[in-house]
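Trainee: I am new to this structure. Could we go through it by question and answer?

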Amino acid sequence: MDLKLLFNDLVRFETELWNAVDARLRAEVGLPMGNFDVMRVVERVVPCRVHDIARELSITVGGTSKAVDRIEALGHCERRANPDDRRSSVIVLTPAGERLLADATGVFEAELDVRLGSVLSARALRDFAGALVELRAAGNGEGLVRWQE
């Protein structure tokens with residue numbers, strides 16, 4: 001197995017998948033993939049801090065804070081005082097953000113079905129997901145979200 005070719009295919013596929021999902025989200029609901037990604041974490045992780053988003057998405061805290069600023073400026077989330085730690089704030093979706101995320105999730109799932117679900121069998125998807133979890137765990141071991149059926 002030529003690992004250099006595998007690397008190339010994996011990276012190119014990720015880029016192509018991201019771009020396809022991003023284009024569809026922008027066209028159908030006016031939401032860029034980057035904002036969608038952050039909003040999904042805010043919905044899933046409660047309470048959610050900038051640090052939590054950065055860890056979940058494997059991006060810097062500074063970049064995450066700027067992304068949250070952009071989403072907040074659009075009225076899709078807001079920062080609130082963290083009742084457990086005065087030094088930080090928690091991020092919550094606004095009602096408008098919740099509606100947008102719900103609409104965007106349908107678009108996201110439909111595009112993933114086109115690009116993944118209609119191409120690979122359920123078994124192949126489970127194997128692929130399992131391999132990615134193993135690889136990510138070997139690389140950093142932190143904050144991994146396990147794929148589930």
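Trainee: Which residues of H2 are buried?

Mentor: The model is a predicted one. Buried means under 20% relative accessible area. In H2, the residues that count as buried are Met-33, Asn-35, Phe-36, Asp-37, Val-38, Met-39, Val-41 and Val-42.

Trainee: How are H1 and H2 placed relative to each other, roughly parallel or roughly perpendicular?

Mentor: The axes of H1 (residues 3-29) and H2 come within 9 Å and cross at roughly 90°. Angles of 65 to 115 degrees count as roughly perpendicular. The two helices are therefore roughly perpendicular.

Trainee: How many residues of the contact of H1 with H2 are nonpolar?

Mentor: On the H1 side are Trp-18, Val-21, Asp-22 and Leu-25, which meet Met-33, Gly-34, Phe-36 and Asp-37 of H2. Of the residues in this contact, 2 are charged, 1 is polar and the nonpolar ones number 5.

Trainee: How many disulfides are there?

Mentor: A disulfide needs two cysteine sulfur atoms within 2.5 Å. The sulfur of Cys-77 lies 9.2 Å from the closest cysteine sulfur, in Cys-48, which is too far for a bond. The count of disulfides is 0.

Trainee: Is Cys-48 buried or exposed?

Mentor: The cut-off for buried is under 20% relative accessible area. Cys-48 has a relative accessible area of 1%, so Cys-48 is buried.

Methods:
Residues are numbered from 1 along each chain as its sequence is written. This is a predicted model: local features need pLDDT of at least 70, side-chain atom pairs count only at pLDDT 80 or more; totals for chains, interfaces and linings use all residues. Side-chain values use heavy atoms; hydrogens and water are left out. Axes are lines fitted to C-alpha atoms, for helices over the stretch in contact, and angles run from 0 to 180 degrees between N-to-C directions. Helices (H or I, at least four residues) and strands (E, at least two) are DSSP runs, numbered from the N terminus. Angles under 35 degrees count as roughly parallel, over 145 as roughly antiparallel, 65 to 115 as roughly perpendicular and the rest as oblique. Contact means heavy atoms within 4.5 Å. Ala, Val, Leu, Ile, Met, Phe, Trp, Tyr, Cys and Pro count as nonpolar, Asp, Glu, Lys and Arg as charged, and the others, Gly among them, as polar. Buried means under 20% relative accessible area, exposed over 50%, partly exposed in between (1.4 Å probe, protein chains only).
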